[in-house]
Amino acid sequence: MKLYKYMPLRKEFFEDPLLRLTPPSALNDPFDSKPTDSGIERKSIFFFEPDPLDDENISSQKQKEYYKRDLEYGLEQYGIISLTENPYSLLMWAHYADEHRGMVVELSCDASTFNYHDKYTETCGVSKKIPTRVIYSSRRPGYELPDDVIYDYYEDKFFTHYALIKGDDWIYEKEHRYILRENELDAVIFDVGSHESIVELQHEHLVITCINGLTYKVTARTQAFSGHLHWWLCLAEGKGLVYNAKIFKRVNKNSIKSIYFGCKAKEIDIKHIIQLCQLNGFSHVVFKKAKRIHGKFALDFDEINKNDY
């Protein structure tokens with residue numbers, strides 16, 4: 001399956017091809033992946049019928065409140081990678097690709113697009129190792145949730161339902177999503193209060209590099225240690241050593257098939273990226289440049305001859 005990712009001209013992507021695992025709280029749609037009160041209430045009623053042996057149902061009521069909080073915030077344990085079927089969208093070029101100065105990355109999307117190190121990804125009912133199409137609706141899911149979502153003893157179908165439905169206004173995006181547990185992260189980009197904090201964050205199995213100013217990136221030295229990176233982040237945040245942390249998943253280079261440059265991308269930037277690709281193992285990638293179609297509000301793409309750069 002071919003899908004596309006809009007982004008600014010990120011030259012660092014061709015040194016380490018990372019895509020953000022975005023938690024629901026950081027998505028640009030405030031309704032996205034947010035269970036509704038009515039949906040939470042209906043799901044919790046299924047689990048907490050009144051106990052006839054408990055006159056006041058105090059213990060059951062407390063457990064119900066804890067459960068409702070888990071339903072409300074449970075999707076925050078996951079990150080979403082959003083892709084699209086459509087590399088021609090004028091709106092997405094404007095919104096996500098730096099007003100046509102950025103690029104679109106074409107990916108071959110299947111279970112081998114990323115490497116996985118979290119043993120629970122395989123059995124987790126929410127995680128999607130193959131991207132799933134988003135459903136668009138004029139109504140947020142509530143009391144009319146499907147019975148199989150409500151009357152399932154696990155929460156997997158509940159969380160999946162909310163993670164894969166958006167309002168009709170977003171239908172032009174033709175979105176597909178990877179949904180992965182935070183434990184699957186391959187890199188973290190974060191800020192520190194001072195460079196001295198890095199001393200306490202160092203670990204023999206980690207590589208910490210300065211990106212700019214007080215912003216750093218951390219990765220594991222080996223794939224085997226990647227599974228511990230999430231716990232390193234939890235401890236670092238708990239100690240107040242890092243903030244503004246964003247987590248990322250690394251794309252396998254062979255899954256990157258083409259790069260589409262925007263019609264306003266600068267030639268010097270295009271040249272730099274093509275040269276980076278030749279140096280960093282992306283020699284198989286095809287490059288294209290957007291052009292405006294005469295007489296239409298539409299784009300087409302011309303293939304770039306790499307030998308010209």
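Tutor: Gladly. Keep in mind that this is a predicted model.

Student: Where is Ser 33?

Tutor: Ser 33 is in the loop between strand 2 (18-20) and helix 1 (37-47).

Student: Is Ser 33 buried or exposed?

Tutor: Ser 33 has a relative accessible area of 1%. Buried means under 20%, so Ser 33 is buried.

Student: And where is Lys 174 found?

Tutor: Lys 174 is in a loop too, between strand 7 (165-167) and strand 8 (175-181). Its relative accessibility is 41%, so Lys 174 counts as partly exposed.

Student: On to the rings. How is a pair of aromatic rings described?

Tutor: By the distance of the centres and the angle of the planes. A search of the whole structure finds 19 aromatic pairs. Take Phe 46 and Tyr 153: their centres are 5.6 Å apart, with 50° between the planes. That pair is tilted.

Student: Which parts does the pair of Phe 46 and Tyr 153 tie together?

Tutor: Phe 46 lies in helix 1. Tyr 153 lies in the loop between helix 4 (147-150) and helix 5 (156-163). The pair therefore ties together parts that are 107 residues apart in sequence.

Student: How accessible are Phe 46 and Tyr 153?

Tutor: Phe 46 is at 22% relative accessibility, so it counts as partly exposed. Tyr 153 has a relative accessible area of 62% and is exposed.

Student: What kind of pair do Phe 190 and Tyr 216 form?

Tutor: A stacked one: 6.2 Å centre to centre, 20° between the planes. This pair also links distant parts of the chain. Phe 190 is in strand 9 (residues 187-191) and Tyr 216 in strand 11 (residues 215-220), 26 residues apart. Phe 190 and Tyr 216 are both buried.

Student: Which residues form one aromatic cluster?

Tutor: Tyr 4, Tyr 6, Tyr 88, Trp 93, Tyr 260 and Phe 301.

Student: What sits over the ring of Trp 170?

Tutor: The charged end of Lys 166, 4.2 Å from the ring centre.

Note on methods. Residues numbered from 1 in each chain as written. Predicted model: local features only at pLDDT ≥ 70, side-chain atom pairs only at ≥ 80, totals over all residues. Heavy atoms only, no water. Helix = DSSP H or I, 4+ residues; strand = E, 2+ residues; numbered from the N terminus. Buried < 20%, exposed > 50% of the residue type's maximum accessible area, 1.4 Å probe, protein only. Phe/Tyr/Trp six-rings, centres within 6.5 Å; stacked < 30°, edge-to-face > 60°. Lys NZ or Arg CZ within 6 Å of the ring centre and 35° of its normal.
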